[in-house]
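Hello,

Please find the structure below. Notes on its aromatic residues follow.

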Amino acid sequence: MNDMESFWATCDILRFPYMNRKRTWKMESIESEQIEVTETEPFLGPLDIILLVILLAAATWWLLKNKKNNDDSSSARSYSIQPTTVNTMTMAENSFIKKLKASGRSLVVFYGSQTGTAEEFAGRLAKEGMRYQLKGMVADPEECDMEELLNLKTIQNSLAVFCLATYGEGDPTDNAMEFYEWIKNGDVDLTGLNYAVFGLGNKTYEHYNKVAIYVDKRLEELGATRVFEIGLGDDDANIEDDFITWKDRFWPMVCDYFGIESTGEDILMRQYRLLEQPDVTPDRIYTGEVARLHSLQNQRAPFDAKNPYLAPIKVNRELHKGGSRSCMHVEFDIEGSKMRYEAGDHLAMYAVNDTDLVQRLGELCKADLDQVFSLINTDTESSKKHPFPCPTTYRTALTHYLEITAIPRTHILKELAEYCSDEKDKEFLRFLASTTADGKAKYQSWVQDATRNIVHILEDVPSCRPPIDHVCEILPRLQPRYYSISSSSKLHPQTVHITAVLVKYETVTGRVNKGVATNFLAAQHPEGDPLPRVPIFIRKSQFRLPTKPDIPIIMIGPGTGLAPFRGFIQERDNCRREGQNVGDTILYFGCRKKSEDFLYQEELEEYVKQGSLQLRLAFSREQENKVYVTHLLQEDSDKVWDVIGEKKGHVYICGDAKNMASDVRNILLNVIQTKGGLTESEAQQYLKKMEAQKRYSADVWS
């Protein structure tokens with residue numbers, strides 16, 4: 001209650017004839033009574049005067065009392081450090097032009113990132129700009145007014161670089177979607193804008209680097225000037241090498257274009273400064289939340305990537321019946337979360353790193369893992385104040401926020417080299433990080449082929465002992481892991497299911513590497529109360545069943561590629577049970593041995609008995625010559641053409657992009673050409689039309 005509210009409350013008490021009435025009505029009551037007063041009555045009687053004096057005295061006393069209380073409370077008020085969330089920017093702060101001008105910069109590097117790699121590359125480019133007299137900043141297009149690109153030409157020697165990843169079926173990343181649609185549908189004049197593009201893709205996917213290629217071409221169409229040719233990074237090969245090769249040619253071209261020279265200095269500088277905070281109260285320390293403090297304790301819908309739902313695991317059972325491998329069926333309880341999903345969507349899960357690996361890294365860096373700290377961006381204009389939620393402890397950062405099992409890129413090795421006390425170790429790490437042919441080859445064999453993570457590198461380079469805060473700065477963020485949902489919400493509206501193979505393998509160095517998410521899941525057993533909980537959210541997909549159930553479908557999904565098709569089959573079976581006319585539902589499934597890894601065998605065989613499913617099986621290791629689903633497809637070319645050619649049915653592929661998916665596509669092209677009587681180019685166009693009509697869909701990974 002403020003001072004004025006208190007004053008009127010006092011008036012209500014003293015002026016008993018009008019108590020419990022709202023103030024607006026009091027005034028109307030007073031006015032109406034004044035109208036009714038006769039002319040012979042004085043305006044204020046003795047009682048009115050007494051009441052008025054009392055009111056004024058009471059009001060004065062109340063105001064003086066409150067002023068004193070406020071003064072007292074002000075003198076006793078304490079201040080604490082308020083944690084900030086990651087990647088926040090108010091609408092008033094989204095002018096990247098103002099930021100560039102205010103800080104004397106001319107280079108802005110935008111990133112479209114789904115897994116963090118494009119953001120990392122953008123940061124490296126912006127940082128290197130200092131060597132070439134181009135002070136740079138990194139920007140998230142989702143947090144910027146991208147129409148300001150029209151005004152970038154007002155800054156001398158200005159340059160916009162776009163590091164853009166392509167994912168899914170040639171889609172832009174979530175944070176670049178709005179920008180992509182803007183340049184695609186807009187018709188702005190970008191004359192005077194200098195730009196360059198580096199794309200991140202994977203050659204095993206059909207739409208390799210589609211987003212970067214389109215943006216590069218479209219910016220030129222809108223009048224912008226390409227300063228250097230587009231770079232295309234291939235994650236199936238060595239995207240780090242692709243990026244380094246591109247940027248080593250990019251910078252000399254930029255210098256030539258703007259008439260500037262390199263300083264020649266290889267700048268190694270810290271982006272964040274360390275602030276140790278031993279006195280922060282426990283309730284202000286992040287313990288694993290993605291963004292909002294206490295969001296995992298105080299859950300509030302809607303749930304998404306920055307606000308995941310802490311879902312109980314109801315079921316976690318083994319699907320393999322034998323052999324040395326493991327595959328889990330996991331069910332998450334989403335009752336009461338208001339989360340919705342459709343068959344074909346993805347479940348994203350925030351896992352945590354192995355506690356033993358975290359402890360080993362802490363010991364190698366001689367760190368107190370329970371020390372509370374913050375890393376604060378030295379660039380005051382950046383919207384990214386911290387690399388992850390701060391303040392937190394080193395243990396939490398290494399457990400929840402950092403990718404400690406990732407293979408370190410060359411820029412990390414370059415920074416680690418500075419902390420080697422032995423000159424040979426320093427030269428070795430610098431050699432690995434170099435752009436020479438020998439250095440690249442050694443990096444490939446010693447780091448990538450041996451799958452050494454940062455713990456392994458520090459163990460094998462004994463004199464390298466970096467401070468833990470610098471390690472926390474240079475490691476990439478721990479990303480959510482995505483799984484195709486293997487259930488239908490029509491049957492399971494309160495739970496969401498996934499199917500996941502346990503990743504665990506021995507490296508050439510004799511170490512055992514473990515997949516972060518699957519090993520974390522394997523340890524979550526729903527026994528007793530409370531049930532284990534995992535932060536999750538749903539990512540929508542374009543992998544969808546036909547709108548009409550009578551349309552026939554072919555599903556090709558060996559191994560865990562079966563996952564989304566389990567949901568499809570459940571949904572189609574439900575339609576049949578409801579009396580709807582359901583078209584042919586054909587599944588091509590393959591595994592090694594029927595007795596070991598035939599996933600959901602009993603379920604699938606029951607669907608076959610009920611007439612809901614036609615099942616084609618390939619067990620690769622049960623005969624001398626291996627048989628795969630692709631062999632069955634070739635055998636069934638007449639049936640395949642009947643579905644996709646005669647009945648205009650849908651084809652779905654899920655699984656390995658590098659081999660299986662490309663082989664299936666080639667088989668379909670051959671079927672279309674031979675059974676449809678088309679030329680090779682006509683068959684290509686037919687398949688492209690199927691894609692455009694969503695009759696050919698792929699959910700694949702490399």
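Phenylalanine 121 has a relative accessibility of 0%, so this residue counts as buried (buried is under 20% relative accessible area, exposed is over 50%, and partly exposed is in between, with a 1.4 Å probe and protein chains only). This is a predicted model, in which local features need pLDDT of at least 70 and side-chain atom pairs count only at pLDDT 80 or more, while totals for chains, interfaces and linings use all residues. Residues are numbered from 1 along each chain as its sequence is written, and side-chain values use heavy atoms, with hydrogens and water left out.

Searching the whole structure gives 30 aromatic pairs (rings of Phe, Tyr and Trp, the last by its six-membered ring, pair if their centres lie within 6.5 Å; planes under 30 degrees apart are stacked, over 60 edge-to-face, and the rest tilted). In one of them, the ring centres of phenylalanine 121 and phenylalanine 198 are 6.0 Å apart and the planes are at 70 degrees, so the pair is edge-to-face. Phenylalanine 121 belongs to helix α5 (residues 117-128) and phenylalanine 198 to strand β5 (residues 194-201), 77 residues apart (helices, H or I of at least four residues, and strands, E of at least two, are DSSP runs numbered from the N terminus). Phenylalanine 198 is also buried, at 0%.

Arginine 452 has its charged end over the ring of tryptophan 446, 3.9 Å from the centre (NZ of Lys or CZ of Arg within 6 Å of the ring centre and within 35 degrees of the ring normal).

Regards
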